[in-house]
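This report describes the arrangement of two chains, the surface between them, and selected side-chain pairings. The sequence and structure are shown below.

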Number of protein chains: 2
Amino acid sequence: VWSKNGLVHLLKIRFPIVQAPMAGGLATPRLVAAVTNAGGLGSFGAGYLTPKEIAKGISEIRELTDQPFAVNLFSPSMEETKNLKTSQEALIRYHQELGIPLKFSHERSLPPLKEQIEVLIEEKIPVFSFTFGIPPLSYLQQLKKQKTVLIGTATTLEEALLLEESGVDAIAAQGIEAGGHRGTFLHPDVDPLLSTATLIALLSRHCQVPILAAGGIMNGAGVAAALALGAQGTQLGTAFIASPESGASPAYKKALIESKGAKTTLTACFTGKIARALVNRFTKEMQGAPIASYPIQHFLTQNMRLCAAKDNRPEFMALYAGEGFQLCSNLPAGEIVSLLVQQTVAAVQGLAGQIA
Amino acid sequence: VWSKNGLVHLLKIRFPIVQAPMAGGLATPRLVAAVTNAGGLGSFGAGYLTPKEIAKGISEIRELTDQPFAVNLFSPSMEETKNLKTSQEALIRYHQELGIPLKFSHERSLPPLKEQIEVLIEEKIPVFSFTFGIPPLSYLQQLKKQKTVLIGTATTLEEALLLEESGVDAIAAQGIEAGGHRGTFLHPDVDPLLSTATLIALLSRHCQVPILAAGGIMNGAGVAAALALGAQGTQLGTAFIASPESGASPAYKKALIESKGAKTTLTACFTGKIARALVNRFTKEMQGAPIASYPIQHFLTQNMRLCAAKDNRPEFMALYAGEGFQLCSNLPAGEIVSLLVQQTVAAVQGLAGQIA
């Protein structure tokens, strides 16, 4: 089973299923290990974490599994600070409603990538995946030298070809259905917003390295479809958010499981970078409002989001979700992986039966 | 082969491949017949045509094939006329540049659906498909009584469930990748813009009638993926536009085949209704410009588009295209169908080999 799948060999996993590296505490070491132990590849979303926090996370994962896992980081993007004052003004009323101050220090920034990557090198992690761009080649070469598998994130063919040139071993092809942040980095202003299927068809024709389909995949039929289109693996995030191992707050899990009539939207209102999330009061009211650049907007809204989660007020939370969220379940993550595998095999057999 | 596919039986065709009913002269009787004769279902896009033109088209198709084909009509939508004066002002300069007058009579409207449908009833056509809404039930019942198969178009689960209630035999599930007009009719203002894959996964779980996947499918891998997701058939438009049988102008075909670096966009600038087309000067400059309601904008831009096609000026044409247009070919339509079938079988066998 899957013996002819190059990506499964490359990642040393059993099934072509990767749990997407959801940053911000969703992909806990427990979730990562549960997916990995079930035969998929768990990914630890460490983009927001300090080197110390990353080392701690890796150590926790290694206590729970001896199988391969990935750590994911954000490639820093050099955006100018814009809308700093007006974006703060737009956020004041939500802070007033939650009874919290709007604290913001202009000094705040994400931990330096260099220091984050040094931990990964030191820890000799099995797989390093990244998004929002391409880290400096010297880091990639160091990781490659010590046999860490490299996965970059692309949303267009142009980005995928640049990743290939940078020496990645595989590409996560992120379609417009994907929940959370969009990895677009080359020309965000003229983003063609390609669907996962369109992107996979294009990349599998033009790229040499294996492609991981990311975006909108929620069940085995989706896994089979991605493989049919030419992907060698799939990356699922939303499918795992409501699992008990996920770090999502109870209000977040409830919103995913119970809001079958809800919709998702693409918005930059939470961090300054486009992301797909469930439509809520905040995403609606922030339409057209001034939004600061990434990561400034992240820090501007961070306290509000944390307090809202604590107060069980999903209307002010970032409920990141892919387009297919209606199909998500709250089963344990390992069972989700097993179910995905069963469904994939059933879908393939059903399909083969149609042409027999 | 395909013996277990309910849609293939229902439509009395050999392969689960439908040529999308591209109105405006793209789906000529020759194209329809070529697809039908190759074992798919050709569709005659008759939305803009008078009853007399429809009867002529059907007669031409029947001269070329004795196999089943579809005729497609637009369900009329009752939109208020808006932006009439400002939208004309926005178009003046293009008419000046082409050296043509901006002619517009407020009296103009599409041929009445009632009279169009009467032709279909009289001609006892095999398949009637429709978009932009649901025609009055009395018409649908008359067609059903005489064994015409009914296919409605949905872009959301809510629309699909309403179509099922109306008694359709199958649903064309149109994802955001689709070229040309978007069929959304219930809540166009809060359109969740679902991808074909997301929509198929959702509809195949909740609908009883067979689902046709429409949007972004360009090759057999795409057909196999749609079937894996639970569709029973596929509907491809862009894949056939550059074929010799298509009525697209040479400039349009050239743009599709040669503009590999081009992008598509969703725009209402051509007809007042959202449609996906290649980005060109007109779509770019009309961003944010006043646009009249459908079908008024259609009549406002009609002369410009016709003259531009004649003058070989693609920058003023409606180059409708799906997101996957880079994969389109200029082979004869019958060969495209044969190739799709071969590729589908190969994709399914390749997939089955992966889990063996």
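How much area is buried between chain A and chain B, and what percentage of that area do carbon and sulfur atoms give? In this predicted model, the area buried between the two chains is about 3,400 Å², and carbon and sulfur atoms give 64% of that area.

## The interface

In the contact between the chains, 38 residues of chain A meet 38 residues of chain B. On the side of chain A, the residues that lose the most area to chain B are A:Leu351, A:Gln354 and A:Ile355, which together account for 20% of what that side buries.

Three elements of chain A give two or more residues to the side that touches chain B: helix 8 (196–206), helix 9 (220–228) and helix 14 (333–354). Helix 14 of chain A supplies the largest share, 8 residues. By class, this side of chain A has 23 nonpolar, 10 polar and 5 charged residues.

## The surroundings of B:Lys253

B:Lys253 belongs to helix 11 (residues 250–258) of chain B. Its relative accessible area is 17%, and B:Lys253 is therefore buried, the limit being under 20%. Leaving aside neighbours within four places in sequence, B:Lys253 is in contact with B:Ile241, B:Ala242, B:Ser243, B:Pro244, B:Ser246 and B:Ala248.

Over all chains, a search of the whole structure finds 26 salt bridges. In chain A, A:Arg281 pairs with A:Glu285, with the closest N and O atoms 3.0 Å apart. These two residues are 4 residues apart in helix 12 (residues 281–285) of chain A, and are therefore separated by about one helical turn. A:Arg281 is partly exposed at 27% relative accessible area, as is A:Glu285 at 30%.

In chain B, B:Arg93 forms a salt bridge with B:Glu285, the closest N and O atoms being 3.1 Å apart. B:Arg93 lies in helix 4 (residues 84–98) and B:Glu285 in helix 12 (residues 281–285), so the pair ties together parts that are 192 residues apart in sequence. B:Arg93 is partly exposed at 44% relative accessibility, and B:Glu285 is partly exposed at 31%.

The side chains of B:Glu97 and B:Arg281 also meet in a salt bridge, at 2.7 Å from N to O. This pair links helix 4 and helix 12 of chain B across 184 residues of sequence. B:Glu97 is partly exposed, with a relative accessible area of 38%, and B:Arg281 is partly exposed at 27%. In chain A, salt bridges that share partners join A:Arg93, A:Glu97, A:Arg281, A:Glu285, A:Arg313 and A:Glu315 into one network.

Definitions and conventions. Residues are numbered from 1 along each chain as its sequence is written. Chains are lettered from A and ligands numbered from 1 in the order in which they are written. This is a predicted model: local features need pLDDT of at least 70, side-chain atom pairs count only at pLDDT 80 or more; totals for chains, interfaces and linings use all residues. Side-chain values use heavy atoms; hydrogens and water are left out. Contact means heavy atoms within 4.5 Å. Buried area is the accessible area (1.4 Å probe) that two parts lose on being put together, summed over both. Ala, Val, Leu, Ile, Met, Phe, Trp, Tyr, Cys and Pro count as nonpolar, Asp, Glu, Lys and Arg as charged, and the others, Gly among them, as polar. Buried means under 20% relative accessible area, exposed over 50%, partly exposed in between (1.4 Å probe, protein chains only). A salt bridge is a side-chain nitrogen of Lys or Arg within 4 Å of a carboxyl oxygen of Asp or Glu.
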